[in-house]
Amino acid sequence: MNEREVRLLVFDMGHVLIDFEWVAVCGQFAAAAGVSLDEFQVALAHVATMGYETGRVDTRGFLSRLNELLGTAMGITEFTRMWNHEFRENIEMANLLARLKGDYPLYLLSNTNENHYRFIQESFDVERHFDELILSYLVECAKPDPAIYEHVMERSGLSPSECLFVDDLEDNVRAARSLGMHAILFRGHGDLIEQFTRYGIEIDGA
């Protein structure tokens with residue numbers, strides 16, 4: 001494959017650029033609410049249907065329903081602390097994106113919500129890496145819905161075959177491929193470097 005066939009690199013955020021342990025997050029909420037982990041996850045799954053990641057409900061609405069289901073009275077400050085306490089930047093990936101930035105346009109394509117994204121941006125300045133941000137809660141659709149991938153082509157003016165997408169979830173990778181995008185299942189920095197070579201993408205010093 002010729003290098004010029006890939007003209008845009010698109011990256012997921014969670015477990016690619018930003019790491020976290022979701023079970024530990026849920027554990028904190030469960031302990032604070034005095035319920036089991038399973039009970040909290042059931043409540044969270046119910047609240048998730050409100051569309052927090054697709055912008056149909058804001059943080060206050062999401063938290064209000066969560067408090068109702070758990071019988072708690074968490075405020076925004078307490079919720080924000082627990083909701084975000086596990087996030088950390090993948091330094092190897094941050095360095096890789098810095099190397100790529102001069103050679104390719106870079107897009108962020110992430111399923112996220114307003115509270116998570118605000119905290120991540122304030123803590124790690126992820127926007128420094130990217131030319132465009134396609135965030136589920138702002139575009140009102142989420143991976144693997146084909147509609148969110150269409151935003152990549154609309155904003156870039158490129159065809160799917162000119163875009164290479166990196167994500168840690170097989171369903172999201174499969175959806176991108178079904179639209180004609182190239183896609184890599186993220187298994188870590190080293191594997192990604194090896195996968196990039198298939199597309200003519202060479203990283204000096206990587």
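A search of the whole structure finds 0 disulfides, a disulfide being a pair of cysteine sulfur atoms within 2.5 Å. Select cysteine 141, which is in no disulfide, the nearest cysteine sulfur being that of cysteine 163, 16 Å away. That distance is too far for a bond. Cysteine 141 is buried, with a relative accessible area of 7%, and cysteine 163 is buried too, at 0%; here buried means under 20% relative accessible area, exposed over 50%, and partly exposed in between, with a 1.4 Å probe and protein chains only.

Before going on, note that this is a predicted model, in which local features need pLDDT of at least 70 and side-chain atom pairs count only at pLDDT 80 or more, while totals for chains, interfaces and linings use all residues. Residues are numbered from 1 along each chain as its sequence is written, and side-chain values use heavy atoms, with hydrogens and water left out.

Next, select the loop between helix 7 and helix 8, where you will find glutamate 140 and proline 144; helices (H or I, at least four residues) and strands (E, at least two) are DSSP runs, numbered from the N terminus. Most residues other than glycine have a negative phi, and most peptide bonds are trans. Glutamate 140, however, has a positive phi of about 65° and is exposed, with a relative accessible area of 57%, while the peptide bond from lysine 143 to proline 144 is cis, with omega near 10°.

Move on to helix 8, residues 146–156, and colour its buried residues, which are Ile148, Tyr149, His151, Val152 and Met153. What do the buried residues of helix 8 pack against? Their partners include strand 1 (8–11), strand 4 (106–110) and helix 9 (170–178), where contact means heavy atoms within 4.5 Å.

Finally, select helix 4 (residues 76–84) together with helix 6 (residues 114–124), whose axes come within 10 Å and cross at roughly 70°; axes are lines fitted to C-alpha atoms, for helices over the stretch in contact, and angles run from 0 to 180 degrees between N-to-C directions. Phe79, Thr80, Trp83 and Asn84 in helix 4 meet Asn115, His116 and Phe119 in helix 6.
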